[in-house]
Amino acid sequence: MSGKAIVITSGKGGVGKTTTTANLGAALALAGNTVVLLDADIGLRNLDVVMGLENRIVYDLVNVVEGVCTYNKALIKDKRIDGLYLLPAAQIKDKDAIKPEQMKALVENIKEEFDFVLIDCPAGIEQGFLNAIIGADEAIIIVTPEVSSVRDADRVVGLLDKKGNIPLENMHMVVNRIRMDMVRKKEMLDVSDIEDLLRINVLGVIPDDESVIVSTNKGEPIVLSSKNSVAQAFHDMAGRVLGEDIPFDEKPDRSFVSAVMRFFGLAQ
Amino acid sequence: MPANSLRIKGSKNGIVIEFEEDIGQAVTLLEDKLKNSPAFFSGSEAIIVLPETFIVEEQFLARLTQVLANSQVKLRELRRVNSTTIIETEIIKTPEKIGVEQGIFWVEKRLRSGDRITADGDLVIVGDVNPGAEVVATGNILVWGNLLGVAHAGSDGNEKSRIRALRLQATQLRIGSHISRAPDDLSTPQGPEVARVGPNGIVIEAWEKLVTEPLPFWRRLFIHGREVKL
Ligand SMILES: Nc1ncnc2c1ncn2[C@@H]1O[C@H](COP(=O)(O)OP(=O)(O)OP(=O)(O)O)[C@@H](O)[C@H]1O
Ligand SMILES: [Mg+2]
């Protein structure tokens with residue numbers, strides 16, 4: 001068996017790579033797949049924090065690459081979701097501790113035993129980025145509806161095409177933090193505006209919602225703790241990764257109904 | 001003097017191969033050298049430096065790419081001895097997608113932010129030039145797509161050069177030493193347009209003739225080497 005390695009990347013930093021890695025991974029595992037979340041953000045690891053698994057780290061990615069332990073030993077099993085594992089990044093080593101070939105070999109190895117390897121890419125386009133993309137079969141590029149974010153995403157698509165050996169048809173974009181109220185007033189770029197420029201397929205559209213920050217702070221993926229529109233967006237995204245044909249619903253997130261439901265505590 | 005027709009140097013960015021006047025001989029010599037030490041060259045990237053006056057033709061490009069590919073060497077950049085870049089191949093992954101015909105460089109590729117293409121002569125892009133991408137030519141520029149980035153025609157001073165695009169909405173246009181930036185109101189152009197230097201700087205006008213021509217006409221014109229007027 002050979003699974004699929006998907007790198008979650010972006011041009012601009014802070015646009016939701018780690019959030020997407022955690023929640024897409026959790027959603028894929030909830031759908032019955034075995035998933036390894038690989039934190040490639042060496043020196044700035046935080047996937048473990050978002051997953052609430054920080055206190056269980058014994059070995060990290062650099063230990064594995066240096067041969068201190070096998071990757072199996074470094075994997076942290078998520079007790080809440082069957083089939084979900086985290087391979088944490090090192091916090092103290094510097095980014096050059098790993099060579100691209102080592103990373104590639106590691107991802108190949110993990111793919112032998114798991115359905116999905118989701119690689120959380122560091123921000124920027126330096127060595128850490130190259131390490132993160134080298135073993136990937138597919139890429140998810142996270143973009144927020146801002147001109148600068150789209151511009152940087154465009155650059156990354158170009159780089160992936162040149163350096164990552166990932167063909168354009170295996171690149172997907174996720175538009176994160178969209179606010180339909182602003183889009184409707186034409187104060188925010190629309191998904192189709194972004195699509196026009198990047199010309200890659202859209203895998204998901206995630207609303208901007210405080211519940212993301214709440215769940216990040218609790219260390220619990222939102223797909224576990226909530227059934228709101230953000231959680232649904234991640235489930236839909238997982239479905240599309242699994243090849244299902246799930247239509248996009250452009251319905252507003254902060255509708256009157258959902259506001260009322262939130263008020264009565266029926267939704268988050 | 002075959003030994004002098006070719007100079008090979010190592011550099012941070014790959015091997016630099018400098019051709020002297022007798023290009024045909026130089027390519028043959030290069031082929032021999034590459035074959036003789038495959039382990040040394042295989043997997044490396046080459047920057048080819050050509051004499052100032054040598055005219056790049058498709059045939060030459062095809063042979064060169066072939067010779068390099070046979071020894072697993074990637075063509076990274078083609079440039080002149082005075083260091084004007086002709087083609088940066090990092091931008092163009094597959095060599096089939098670049099070509100030179102009658103001194104016109106054509107590139108079939110969407111150029112994304114950070115990409116830059118420089119041509120010594122006229123340059124044709126089949127695809128969009130996204131914001132953050134840059135196309136520069138000493139001659140004319142034609143973009144068969146959306147021109148949203150920066151274009152500089154007549155880069156060594158030819159103010160008669162023109163820039164054409166199916167949708168001309170560049171961040172900045174330069175012709176010779178004239179510069180014009182995108183208007184702040186960002187109106188969408190109605191159809192294909194052409195930019196040229198008028199008495200008061202760069203003017204943009206409808207590219208009327210082309211609107212009536214079906215798309216394949218253009219490609220026949222370039223790719224099969226008929227008389228071309230940009
Ligand atoms: N859809 C959303 N709605 C609201 N807040 C969000 C959303 N997505 C992400 N955030 C918040 O944005 C911040 C950055 O997110 P995240 O850490 O996932 O980005 P990143 O791309 O991994 O950042 P870095 O480039 O630093 O690694 C976090 O505080 C997160 O909670
Ligand atoms: Mg992150």
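Two strands count as paired if DSSP finds at least two bridges between them, and the strands themselves (E, at least two residues) and helices (H or I, at least four) are DSSP runs, numbered from the N terminus.

Okay, hi everyone. Before the tour, some housekeeping: this is a predicted model, where local features need pLDDT of at least 70 and side-chain atom pairs count only at pLDDT 80 or more, while totals for chains, interfaces and linings use all residues. Residues are numbered from 1 along each chain as its sequence is written, chains are lettered from A and ligands numbered from 1 in the order in which they are written, and side-chain values use heavy atoms, with hydrogens and water left out.

Let's start with chain A. It has an open sheet of eight strands with mixed pairing, in the order β3-β4-β2-β5-β1-β6-β7-β8. At the edges you'll find β3 (76-77) and β8 (201-207) of chain A, each pairing on one side only.

Look at the β3 end. In chain A, β3 and β4 run antiparallel and are joined by two bridges.

Over to chain B. Five strands make an open sheet there, ordered β8-β10-β12-β14-β15, again with mixed pairing. Strands β8 (116-119) and β15 (178-181) of chain B each have a single partner strand, so one side of each has no neighbour in the sheet. Neighbouring strands of this sheet are turned by 5° against each other on average, direction ignored. Inside it, β12 (residues 150-153) and β14 (residues 172-175) of chain B run parallel, joined by four bridges, with B:Gln172 as the bridge partner of B:Val150.

Now, how do the chains meet? Here 15 residues of chain B are in contact with 13 residues of chain A. The area buried between them is about 1,200 Å², with carbon and sulfur atoms giving 41%; that's the accessible area (1.4 Å probe) that two parts lose on being put together, summed over both.

How many salt bridges cross this interface? The rule, a side-chain nitrogen of Lys or Arg within 4 Å of a carboxyl oxygen of Asp or Glu, finds three. One salt bridge links B:Arg112 with A:Asp154, the closest N and O atoms being 2.9 Å apart. Another salt bridge joins A:Arg199 and B:Asp128 at 3.9 Å, N to O. A:Arg199 lies in the loop between α9 and β8 of chain A and B:Asp128 in the loop between β9 and β10 of chain B, so this pair joins two chains.

Note on methods:
Contact means heavy atoms within 4.5 Å. Axes are lines fitted to C-alpha atoms, for helices over the stretch in contact, and angles run from 0 to 180 degrees between N-to-C directions.
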